[in-house]
Every structure is written in C-alpha cells, then in structure tokens.
Amino acid sequence: CASLFACKPTAVGLSSITNWEFFEGAVVGLHFAESGRQHILGSGVLVAPGVIMAARHVVEAQEEELKRGDQEIMCSGVTEDGVVLWRCRGVTLVGNTDVAFLMVEAASALPSLLRQVTLTTRMPRLGEQIVIIGVKHHAATPTPIGDEVKMSMMSAVGEVTARYETRRDSVLLPHPCFEISCAASGGMSGGPAFDKDGFLLGLVT
C-alpha cells in the first residue's frame, strides 16, 4: 500500500502525499463550517456510498454547535476529476468507541470513478506494518465568497507494537485497538489505518 502513492518526507517521520488522486476521493478532510468560515479538524474515509467513517472525538467536540445549527460538517476528497464535496446529513456515534458514521450527500458533481475502501475486522499481527493517512489543516484565508483552505495529506508507516483485543484502559481507549510506532499530526484523527494490501483495519485515534 505505502509504495503505491508518492510521498515527500517531512519532519518527525511524517510524509506529505503528492498524488492525492491515488485514493480516488476515499480519504476525506472534515470541514466544520460556520458563517462562511471553516476549519478542518479531522479526517475520514468513505466506506460505502454516502457513508464516511470518522473519529467520534472530533465530531463530539463540536456536538453543541452542530445541534444548534451554528455549524455544519462538510467533507472533501480529491479525485483525478478534481475535488469532491460532501454535505453531512446525519451522524451516528457508535457505542463506547471512537467511531462515528457520517451520512453524506454529494454537494458537487460526482467523478467518473469514486472509490470506497474495503474493511477487514482482523486484528493485525505484532510487528506488522501499518500505513496511516490523514489531512492536515494549514490555513483558511477569508475571501469575498468564503474561506480559501490550505491543507496537505499526510502519511506515516509504523509497526504494530501492542494489541488490545478488549480495551486498553477504561477512560481514553475503552475499546479494542492497537498501537503502532509512528508519528501522527493534528487533523489526522479519524484517518484510515491500512495494511499492506490496502484493507482498512481501523482509524487514527
């Protein structure tokens, strides 16, 4: 998986992906928009038509603003045909996990090819290499018609160093998870964790 997209190494073990279109719109940034302003606070991944998996803690932190209608969630992905925008129409928070499902509808023209990732429920092996992907927000510059957003897509590769098949602890990670030895940056929360065959194993949390 890691060798199939082009990267430019950056600091602390992270790399900037230069061919975003490789993911065919499956990896998205989560934009929280209000009054023409927007911030990218997390990442997500398209797992079915109109369904994006993201990190619960990213969505839940904005829950009050979303309920009042002061904010809305938009998602953006990049394909060979350009940027695809999604408008969130519903959120499902999954039990005692850090998973949220966003029900989305297209807010732009759909491309000729739109990829969804394939999930696996297996727990990775100790020492197995995992690739994490996410979107990093750099700046939002106001313009007369709204914000111009600058962001980058980041990746990192690490080995599985611990597995928790029930939970890691009762507060921060009270659910099945695994630990990998690599860096991550703000905005990558909710981004996909892939095995070497490109199967989705989990989300960055």
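Strands S6 and S7 are joined by a hairpin that passes through two residues.

**Confidence of the prediction**

The mean pLDDT of the protein is 88, and 92% of the residues score at least 70. Among the elements, strand S5 (residues 51-55) has the highest mean pLDDT, 97, whereas strand S1 (residues 7-9) has the lowest, 76. Where pLDDT is low, the predicted coordinates should not be read in detail.

**Strand S6 and its pairing with S3**

Strand S6 also pairs with S3, in the antiparallel sense and over five bridges. Because seven of its eight residues are buried, S6 is largely enclosed by the rest of the structure.

His31 belongs to strand S3, which covers residues 27-34, and stands opposite Met74 in S6. With a relative accessibility of 7%, below the 20% limit, His31 counts as buried. Its side chain makes a polar contact of 2.7 Å with the side chain of Ser76. Beyond its neighbours within four places in sequence, His31 is in contact with several residues, including Gln38, His39, Ile40, Cys75 and Met151.

Ala33 is another residue of strand S3. Setting aside residues up to four places away in sequence, Ala33 touches Gln38, Asp70, Gln71 and Glu72. The C-alpha atom of Ala33 is separated by 9.8 Å from that of Leu66, although the two residues are 33 residues apart along the chain.

**The nonpolar cores**

Which residues touch the most other members of the largest nonpolar core? They are Leu30, Ile52, Ile73, Cys75, Trp86 and Leu102, in a core of 17 residues. Two or more residues of this core come from each of S3, S5, helix H1 (56-60), strand S6 (72-79), strand S7 (82-93) and strand S8 (99-106). Another core lies apart from it and has 16 residues, among them Ile17, Val27, Val131 and Ile133.

**Cysteines**

How many disulfides does the structure hold? The number is zero. A disulfide is a covalent bond between the sulfur atoms of two cysteines.

| Cysteine | Closest cysteine sulfur | Distance between sulfurs | Relative accessible area |
|---|---|---|---|
| Cys88 | Cys75 | 6.5 Å | 15% |
| Cys177 | Cys182 | 14 Å | 11% |

The cut-off for a disulfide is 2.5 Å, so the sulfur of Cys88, at 6.5 Å from that of Cys75, is too far away for a bond. The sulfur of Cys177 is likewise too far from that of Cys182, at 14 Å, for a bond. Cys88 is buried, and Cys177 counts as buried too.

**A loop residue with positive phi**

Glu24 lies in the loop between strand S2 (15-17) and S3. Its phi angle is near 50°, a positive value in a residue other than glycine. Is Glu24 buried, partly exposed or exposed? Its relative accessibility of 26% falls between the limits of 20% and 50%, so Glu24 counts as partly exposed.

Terms used
Residues are numbered from 1 along each chain as its sequence is written. This is a predicted model: local features need pLDDT of at least 70, side-chain atom pairs count only at pLDDT 80 or more; totals for chains, interfaces and linings use all residues. Side-chain values use heavy atoms; hydrogens and water are left out. Helices (H or I, at least four residues) and strands (E, at least two) are DSSP runs, numbered from the N terminus. Buried means under 20% relative accessible area, exposed over 50%, partly exposed in between (1.4 Å probe, protein chains only). A polar contact is a pair of N or O atoms within 3.5 Å; within protein, one must be able to donate a hydrogen and the other to accept it, and residues adjacent in sequence count only if both atoms are side-chain atoms. Contact means heavy atoms within 4.5 Å. pLDDT is the predictor's confidence in each residue, from 0 to 100. A nonpolar core is a set of buried Ala, Val, Leu, Ile, Met, Phe, Trp, Tyr and Cys residues joined through side-chain atoms within 4.5 Å. Two strands pair if DSSP finds at least two bridges between them.
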